[in-house]
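Try each task before you read its solution.

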Amino acid sequence: MALLDELSGYEFEDLMEDVFRKLGYENVRQSARTADEGRDILMEEVIDGQRRAVVVECKHTDTVGRPVVQKLHSAIRTYDYDGPRRGLVATTGRFTEPARKYAADLGTREDGGIELLSGTDLREIGEEIGMDLYNGRIEILCEEALEPTHPTADRDAPVYEAVRDVANLEPATIPTPETSVTLEPLVTISGRTSATFETSVGVVHSLDETTDLVIHADRETPRVASGDVRSLVANPTAPRIDLDARDLEATFDAVERKRFDQTETEYKEWAIDKLRAIHTTTVHYTGDNNVDYEKTCTPNRSDVRVQSIDPVYAPHVRSNLSLGAYDYRYAYYAAGPSRTTTTDAFHRCVHCERAGADGSYTYCDNCGSINCPDHVRTERLEGEPVCTGCAVTERFALQTKYFYDESNLEAFRDEYAEMAIHEKAMENVALAVASAIALAFFALVIVVGVVGAVGLL
């Protein structure tokens, strides 16, 4: 294992010389260390039967900028070699965008071009050739994200689907929501924990398990992702996009890309400690003297091996929909056709905060509110839903009636004044029925009384 950040610049060059030999390059040697003129390693490669020189610059730094690439470009042109030449910059850190652009303009593997190998690239190369190259300062440079939209539906389809079961609200009538996406960094770490615990009586506990951790990586302290988010990220079939090839600004009203707060090594060290804690257990056993003992078994750091670290951006899509006097937020993590909801204001009563997708909710077209059954009534004049928050009320026939506004209330007052007595009574059906029952009972009592009096004559 080579901890690249612990090496000196010369030691890093020695290591890269071995790496290039393992990769199949020929005549690999270092230039004079006293005055390398921008050429640390010189080597050759054979492409389609033609031999070509490769001039290498090694940089043991956090960041490599454009001047380093320009210097190597000059060194390639002045290198005395009878044949085509190209360059290569290897660093334990990362390249700035101007450095990448300068190299891209030259071409990477063409005659005169310059290839760039970052710390992340070196780790991947190490895995391919059986060398564990790990740099404690390698930044996570991730250009992949889970697909933020459904492959066959438009951007706002999840919002329309969410309001579909809200009574009195037709998706086709609602305005276009304002929708943004935040690319949140997550890291999937796969680790294998193998440990055996022995006492004087022999082995009392052993384990050999592979565990996948999905963690939010946008804060100083990593957080384990929840079950739903974990399922989205850990799903090997979840569709991904290349951020360099996808113009998300053309799809969303706003795009934010958060940074990975720590390096790969720091996440690796955190995961090792986490896995040790996960697999710590207390076992009970009986000793040779028939006395019961207990032992807390905690794996050593050397018992945990991180097998892979996979960074990815998870799209956190947030939609804001204005209906009347109210703004509603709907948010979810997306992975193509799959998503997990984080905020759903369409299934929450604006008056009492009762929430839940399994409840019944009704939209009030009068003010734009979404309401639970306790806070929605039927408008007396229009016969449509109206919420208790915006409705104008008045009692008729001892019962409260609900109206959109004062104008509707005044119209009903006039209508009520023209009603016959029995029609007015029907404005309170329960009262009318009770009155009818009382009158019938009273009439029955009179009839019984009359019949009884006649019988006495």
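Predicted model: local features only at pLDDT ≥ 70, side-chain atom pairs only at ≥ 80, totals over all residues.

Residues are numbered from 1 along each chain as its sequence is written, and side-chain values use heavy atoms, without hydrogens and water.

**Exercise 1.** Describe how helix 2 and helix 3 pack.

Solution. Start with the general rule. Two packed helices are described by the angle between their axes and the distance between the axes. Helix 2 spans residues 66–78 and helix 3 spans residues 97–106. Their angle is about 30°, and their axes lie 7 Å apart. The two helices are therefore roughly parallel (an angle under 35 degrees). Next, list the contacts (heavy atoms within 4.5 Å). Arg66, Val69, Gln70 and His73 of helix 2 meet Pro98, Ala99, Tyr102, Ala103 and Leu106 of helix 3. These contact residues divide into 6 nonpolar, 2 polar and 1 charged.

**Exercise 2.** Find the strands that pair with strand 6.

Solution. Pairing requires at least two DSSP bridges between two strands. Take strand 4 (residues 50–59): 7 bridges join it to strand 6 (residues 85–91) in the parallel sense. Here Ala53 has Arg85 as its bridge partner. Now take strand 8 (residues 114–117): 4 bridges link it to strand 6, again parallel. Here Leu88 is partnered by Glu115.

**Exercise 3.** Is Thr362 buried or exposed?

Solution. Locate Thr362 in strand 21 (residues 362–363). Its relative accessible area is 14%. Thr362 is therefore buried (under 20% relative accessible area, with a 1.4 Å probe and protein chains only).

Definitions and conventions: Axes fitted to C-alpha atoms, helices over the stretch in contact; angles between N-to-C directions. Parallel < 35°, antiparallel > 145°, perpendicular 65-115°, else oblique. Nonpolar A, V, L, I, M, F, W, Y, C, P; charged D, E, K, R; others polar. Buried < 20%, exposed > 50% of the residue type's maximum accessible area, 1.4 Å probe, protein only.
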